[in-house]
Amino acid sequence: MTSSVSAEARTIRIGSRKSQLALVQTHWVRDRLQESYPDRKFEIHTMSTQGDKILDVALAKIGDKGLFTKELEVGMLAGETDFAVHSLKDLPTNLPEGLMLGCVTERENPADALVVHEKHKDKQLDTLPEGAVVGTSSLRRLAQLRHHYPHLEFKDIRGNLNTRLAKLDEGNYDAIILAVAGLQRLGMGDRVHQIIPAEVSLHAVGQGALGIECREGDAEILELLKAIEDVATTQRCLAERAFLRSLEGGCQVPIGVNTTIEGDRLTLTGMVASLDGKQLVKDSVSGSPADAETLGVNLANRLREQGATEILEVIFREIAR
Ligand code: DPM
C-alpha cells in the first residue's frame, strides 16, 4: 500500500456524442470544470447514438425515446463514464432508472432562427413569397409557422448543421429554421438572418441549455457540477420539462414554451398545436421560481382544459401511421 494511490483523485470520464456541436459543448463543459478544479483530470469519451446513424428518416417517425442519449446512458450505467453532456432539448423528460439530471448550464438565446438563401437576403418571415420552401424537421416549428404563415411550403431536412446549410445554399430550400444557440456555438452566428419572435414560434423545452446527466446520487460528481450550474436556467428548464412531462409529449411533438424570470417571478408560456397549424392552444402561468415544476404541471392542466389532449391524440395517431 502506498499513500500516493489513495491520495490521487480518479480521472473523471465525460460521455459525448461525436458531432461537431456535441464536441464543442462537451469541451466547453470540460474547460469550465478544469478551470474550477485545476488538480482534477477530465477525459472525454465519444460515442455514436442512434440519432447520429439514422439520417434519412423523418425524426418524428423514429420516435424520441432517447434517440440522441441512449448509448451515452448505457455507458454511464456500465461505469465507463461518469456523466454525459447533452443539448438539454434532446434529453427525454423521464430518465432511465439510476440516472438523473445533475445540472443545467447557462442558456444561450433559446429562440429559433430563420436562415435564408442568398436570393432572399432582403426578406423576413413576413415577406417570403407565396410558396417559398422552408426546411425543417421539427413538428413544433412546422405547426407554429403554418399557423402564422399558411402561404409557405414546408419540406423535411435532416443532417448536421453544415449539411443543412449546404442544402440551403445549393438552392433546395428558400429558407431553413435552426436554433440560434446551435449556430452561435459553432461560430456561425452570422447565418442567423432573423431571430423568430416568441409570438410566432415558442422554442423547444430546454432549447439553448446544456443538460448534464449523471448517476443518481453520485455525490462526488454532483458536487463538481455545482461549478457550472446556472440557477435561473435550471429553474426555467425545470418548469419547461415538468410541462412537457405532464403533457406526455416527447421532444418530437408540436409543443413549445417560453420562460422568463423577473425578480422573484417565473413566467412560463406554453403551446400545443395541430400539425396543420389550424388548432393552437396557448396560455401562461406565473409564480415563484421555487415552485417551477408545479407551474409546469399547472400550465399543462390548463392547456388540457383548452383541448390539448385531443390535439395530441390526433398527432400520435398520424405519426404512428
Ligand atoms: C429536437 C428538435 C430538434 C433537435 C425538435 C425541435 C430540431 C430538429 C430539426 C428535440 N432536437 O426543436 O422542435 O430541426 O430537424 C437539436 C439542435 C440543437 C439541439 C439543432 C436545432 C442545438 C440547439 C440547442 C436538434 N438539438 O434545433 O437547430 O442546444 O438547443
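This is a short talk on the overall build of one protein and two of its residues.

First, the ground rules. This is a predicted model, where local features need pLDDT of at least 70, side-chain atom pairs count only at pLDDT 80 or more, and totals for chains, interfaces and linings use all residues. Residues are numbered from 1 along each chain as its sequence is written, and side-chain values use heavy atoms, with hydrogens and water left out.

Now the overall picture. The protein has 11 helices and 13 strands. Those are DSSP runs numbered from the N terminus: helices are H or I, at least four residues, and strands are E, at least two. The C-alpha trace spans about 75 × 45 × 40 Å along its principal axes. Of the 321 residues, 50% count as buried. Buried means under 20% relative accessible area, exposed over 50%, partly exposed in between, with a 1.4 Å probe and protein chains only.

On to the core. The largest nonpolar core holds 40 residues. Such a core is a set of buried Ala, Val, Leu, Ile, Met, Phe, Trp, Tyr and Cys residues joined through side-chain atoms within 4.5 Å. Leu125, Phe243 and Val272 have the most contacts inside it. Take Val272. Leaving aside neighbours within four places in sequence, Val272 contacts residues including Leu247, Pro254, Ile255 and Leu312. Contact means heavy atoms within 4.5 Å.

Last, Pro110. Where is Pro110 found? In the loop between strand 4 (99-104) and strand 5 (112-116). Pro110 counts as buried because its relative accessibility is 14%. Beyond four places in sequence, Pro110 touches His203, Gln207 and Arg236. The C-alpha atoms of Pro110 and Leu312 are 24 Å apart.
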